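Here's a quick briefing on the chain shown below. Have a look at the fold first, then work through the points by topic.

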Amino acid sequence: MLMNIGVFFLWLSLASNGEDSPFMVRHFLVSWSALEYHRYWTALTSVFSHNLFWHLFLNMYVLGSFGDIVEEALGTWRFVTFYLIAGVISSLSHSLISAFLLNEKDLSALGASGAISGVIVVFAFLYPRDRIYLFGLIPIPAAWGAALFIGLDLWGLIRQSKGGGLPIGHGAHLGGAFAGAVYFLFYLRGKLGANLYDWRHSTG
């Protein structure tokens with residue numbers, strides 16, 4: 001979270017005359033074009049990159065709500081490793097979908113939401129019946145909530161492929177969610193084994 005906040009202040013401090021810093025644009029935004037120009041590090045740096053306060057606040061709120069619980073279940077180093085991998089996969093997913101589905105190689109992305117989508121999916125697998133609060137108000141089981149968010153991202157991506165939709169990184173979200181599902185089903189479930197459902201948490 002501190003890294004995200006630090007990069008946010010870099011965006012603010014390096015901006016000039018209301019324009020984003022070319023350094024930040026070059027090194028903290030990911031796109032298929034950026035990867036083609038061998039700026040491979042942007043697949044990771046963009047995961048910690050926010051240039052709008054509301055974007056940073058929302059992502060950090062969700063990360064704080066789910067991240068601590070998932071970290072407790074996984075252990076710190078396993079959690080950090082998964083988070084970074086999910087973030088990179090979400091960046092690659094955005095880049096591939098933008099280039100080959102939306103035909104926009106230069107469409108850039110930034111933000112932690114792809115990695116956080118992976119965290120939410122892992123949480124939903126670990127605690128499928130625990131209540132989460134949709135929009136902070138409506139209590140629903142975690143499994144339903146994760147399925148709803150994935151469904152909304154699929155719908156949003158279909159809309160974007162037809163020239164509509166909102167400027168949201170649905171491809172990144174879906175990539176992170178996919179990483180979370182694969183991580184749980186093919187690695188974490190076997191590691192935790194019989195102790196998997198010994199954990200009991202709820203979120204508010």
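This is a predicted model: local features need pLDDT of at least 70, side-chain atom pairs count only at pLDDT 80 or more; totals for chains, interfaces and linings use all residues.

Let's start with Leu-185, which sits in helix H9 (residues 170-192); helices here are DSSP runs of H or I with at least four residues, strands are E runs of at least two, and both are numbered from the N terminus. At 33% relative accessibility Leu-185 counts as partly exposed, where buried means under 20% relative accessible area, exposed over 50%, and partly exposed anything in between, with a 1.4 Å probe and protein chains only.

Residues are numbered from 1 along each chain as its sequence is written, and side-chain values use heavy atoms, with hydrogens and water left out.

**Overall build**

- The chain has nine helices and two strands, and from the N terminus the order reads α-α-α-α-α-α-α-β-β-α-α.
- The radius of gyration is 17 Å, close to the 17 Å that the globule rule gives for 204 residues, so the chain is as compact as a globular protein of that length; the radius is taken over C-alpha atoms, and the rule is 2.2 Å times the number of residues to the power 0.38.
- Along the principal axes, the C-alpha atoms fill a box of roughly 55 × 35 × 35 Å.
- Of the 204 residues, 46% are buried.
- Take the contacts (heavy atoms within 4.5 Å) between residues at least 6 apart in sequence: 70% of them join residues at least 24 apart.

**Surface**

- The accessible surface comes to about 11,300 Å², with 67% of it belonging to carbon and sulfur atoms; areas come from the Shrake-Rupley method with a 1.4 Å probe, and for residues only the protein chains shown count as cover.

**The strand pair**

- E1 (131-134) and E2 (residues 138-141) pair in the antiparallel sense over four bridges; to count as a pair, two strands need at least two DSSP bridges between them.
- Across the pairing, Tyr-133 stands opposite Pro-139 in E2.
- Arg-129 is in the loop between helix H7 (113-126) and E1, and is exposed at a relative accessible area of 78%.
- From Arg-129 to Pro-139 is ten residues in sequence and 11 Å in space, C-alpha to C-alpha.

- Asn-4 belongs to helix H1 (residues 2-14) and counts as buried at 1% relative accessibility.
- Setting aside neighbours within four places in sequence, Asn-4 touches Val-47, Phe-48, Ser-49, His-50, Leu-56, Met-60 and Ala-112.
- Asn-17 is in the loop between H1 and helix H2 (22-27), and at 77% relative accessibility this residue is exposed.
- Asn-103 lies in the loop between helix H6 (76-100) and H7, and counts as exposed at 63% relative accessibility.
- Most residues other than glycine have a negative phi. For Asn-17, though, phi is near 55°, a positive value, and phi of Asn-103 is near 55° and positive too.
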